[in-house]
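Biologist: I'd like to learn how to read a fold from a model. Could you walk me through it?

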Amino acid sequence: MLLTNKDTHGEKCPEQKDDRLRPQQGILKQVGIESKYLFLPNKVSPFVSRNLDMFEVLKLLTEKNIVQIYGLPGLGKSCLLKNVTCFLGERDIYRDGVIYIDFHQVPTFEEAIEVMNAYLKEDDENYQSFNQEEIINEVELLKNKLSRFRKFLLAIDNIDHLQKDNHEQFLQFLFGISTPSLKIMFTSSKFSPNVFNEGFAVKKIQKLKKYDSVDLFMKKIPLADGDKQQFLDFENVQELHKVTQ
């Protein structure tokens with residue numbers, strides 16, 4: 001119990017004769033288990049008209065081991081992934097950890113494994129990059145690290161930046177490591193039915209409706225009240241929709 005030793009509101013706690021029952025002044029401490037691995041992205045704000053999509057992704061993660069957020073470029077896949085990751089990470093739902101990794105500058109399978117190993121580096125582990133001959137050992141090392149977790153979330157953004165053959169190889173790797181204890185989310189505008197299995201689900205992102213597009217535009221680019229009115233007629237809504245869809 002955390003109490004102040006000063007009477008700030010003119011009231012005092014009743015005196016306890018037994019010292020064992022008397023509340024003691026102290027400091028606030030977190031008594032729960034802290035996640036060892038917690039790497040969250042920045043939240044995206046404003047987050048317009050995607051709350052239902054967010055709920056559906058959260059639901060899919062309770063039912064499946066791996067969830068792909070799929071859609072055309074520019075529809076908000078990364079925004080959705082980031083906000084879902086933050087939502088789960090902030091609530092300590094995945095007690096072993098939550099890691100968000102952006103693959104925007106990761107073109108090869110080898111570099112993908114290297115980046116993931118770097119995020120999972122132990123405190124006393126002297127991590128060094130590895131050459132191509134060592135890739136098999138490093139993949140097994142990464143699998144062993146991930147297999148220890150009982151409740152862990154891995155969120156990977158922009159895997160489309162992997163080169164074609166590396167993209168397929170990395171997808172096969174993800175499907176090989178995903179389990180009910182290790183959940184995985186990733187974004188991609190590509191979908192290969194060849195990797196479909198029972199533990200896999202796809203959340204397809206749709207275009208925003210016309211008035212949602214206007215809402216997003218106005219929140220992203222604040223305007224004076226007089227300027228806002230000009231966007232509320234139907235023709236301008238149509239034009240804005242072409243820009244923001």
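Modeller: Let's begin with helices: the expected span of a helix is 1.5 Å times one less than its number of residues. Helices (H or I, at least four residues) and strands (E, at least two) are DSSP runs, numbered from the N terminus. This is a predicted model, in which local features need pLDDT of at least 70, side-chain atom pairs count only at pLDDT 80 or more, and totals for chains, interfaces and linings use all residues. Residues are numbered from 1 along each chain as its sequence is written, and side-chain values use heavy atoms, with hydrogens and water left out.

Biologist: What span should the 14 residues of helix α2 have?

Modeller: Helix α2 (residues 77–90) should span 20 Å, and its end C-alpha atoms are 20 Å apart, which agrees. After α2 comes D92, with a positive phi near 55 degrees.

Biologist: Which residues of α2 are buried?

Modeller: Buried means under 20% relative accessible area, exposed over 50%, and partly exposed in between (1.4 Å probe, protein chains only). In α2, the buried residues are K77, L80, L81, N83, V84, T85, C86, L88 and G89. They pack against β1 (37–39), α1 (51–63), β2 (66–70), β3, β4 and β5, where contact means heavy atoms within 4.5 Å.

Biologist: Why is strand β4 described as largely enclosed?

Modeller: Because 6 of the 6 residues of β4 (residues 152–157) are buried, the strand is largely enclosed by the rest of the structure. F152, L154 and I156 point one way from β4, while L153, A155 and D157 point the other way.

Biologist: Which strands pair with β4?

Modeller: Two strands pair if DSSP finds at least two bridges between them. Strand β3 (residues 97–102) runs parallel to β4, joined by 6 bridges, and D102 has D157 as its bridge partner. On β5 (residues 182–188), the pairing with β4 is also parallel, over 5 bridges, and L154 stands opposite I184.

Biologist: And what about the nonpolar residues?

Modeller: In soluble globular proteins, nonpolar side chains tend to be buried together. A nonpolar core is a set of buried Ala, Val, Leu, Ile, Met, Phe, Trp, Tyr and Cys residues joined through side-chain atoms within 4.5 Å. The largest one here has 31 residues, of which F103, F152, F170, F173 and L174 touch the most other members. Helix α5 gives the most to this core, with 6 residues. Not counting residues up to four places away in sequence, L174 touches I66, I156, I184 and F186. A second, separate core of 21 residues includes V67, L80, V84 and I205.
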